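User: I have a model open and would like to go through a few of its features. Could we begin with a single residue and then move on?

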Amino acid sequence: MKQVFIISGLSGAGKSSALGFFEDTGFFCMDNIPPRILPDVISLIMQSGIDKAAMVVDARSEVFGDSIEKIRELKAIYENIIKIIFLEASETSIYERYALTRRTHPLGMNIEKAVKKEREILASIREEADVIVDTTNLSPRQLREKLRKVLEESYGEEFVFTYRLQSFGFKYGAPLDSDFIFDARFFPNPYYIPELSQKTGLNKEVKDYLSKFKNIASYIDNII
């Protein structure tokens, strides 16, 4: 079953973070799709081998105009496949985020006027949204969790969390792309046991040796 998410909303409300979530989840992602060509892009996706796609549509390109009618038609044709997510936040929150990042608003005007204008431009697509997420009090991690639930509820499938577990030696340098690093250097080293020195942690003898130490078991339990 194909899955297509159209992501829209206010600048500063988290569209880039949302697109990053879908990309990490294995979606084919596109940013800043002009509303005028959105129906054509969706039609091409439906005819292609792409099963999961997410695209951001915002106020940078143009007003939506007749594009909304075409999006409605596509949603009617591809019922339960196309979902629209609209992200918004309070003006105060958006002001603070722009002050923090020092970025210029895409509409190129005073931030207060830009937010008001953007709400007007995006009003029509907000009305079509299947899900509206207020990110005012959400951290990036909480937004990802919210989107994970949207993904599960939209397509009735459980979100699969993937991870990579990697062992390494500190003398060779810790992996730079790790989210968590657990230091096991206090473990008794089987290498210094002659009959175990040429074996690895995949061998039962090494596992049996390490299982004798209670602090190792409690450390692993705490990690889990």
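User: Leaving aside its neighbours within four places in sequence, which residues is F168 in contact with?
Analyst: This is a predicted model. In it, F168 makes contact with G173, A174, P175 and I181, once neighbours within four places in sequence are set aside.

User: Where does F168 lie?
Analyst: F168 is located in the loop between α6 and α7 (204-210).

User: Turning to the core, which residues touch the most other members of the largest nonpolar core?
Analyst: I6 and M55 do, in a core of 45 residues. Not counting residues up to four places away in sequence, the residues touched by M55 include V4, F5, I6, I7 and L19. M30, I33, L38, V41, I42 and I45 are also among them. Another core, of 6 residues, lies apart from this one, and its members include L196, V206, Y209 and I216.

User: Now the second largest pocket: how many residues line it, and which lie nearest its centre?
Analyst: The lining has 23 residues, with G12, A13, G14, S16 and R103 nearest the centre. The space in this pocket is about 600 Å³.

User: Which helix gives the most to that lining?
Analyst: α4 does, with 4 residues. α1 (15-24), α4 (91-101) and α6 (140-155) each supply at least two.

User: What is the lining of the second largest pocket by class?
Analyst: It comprises 8 nonpolar, 9 polar and 6 charged residues.

Terms used. Residues numbered from 1 in each chain as written. Predicted model: local features only at pLDDT ≥ 70, side-chain atom pairs only at ≥ 80, totals over all residues. Heavy atoms only, no water. Core = buried A, V, L, I, M, F, W, Y, C linked by side-chain atoms within 4.5 Å. Buried < 20%, exposed > 50% of the residue type's maximum accessible area, 1.4 Å probe, protein only. Contact = heavy atoms within 4.5 Å. 1 Å grid on protein atoms, 1.4 Å probe; cavity = no way out; pocket = protein on both sides within 12 Å on 5 of 7 lines; lining within 4 Å. Points joined across faces, edges and corners; volume = space filled by probe spheres on them. Nonpolar A, V, L, I, M, F, W, Y, C, P; charged D, E, K, R; others polar.
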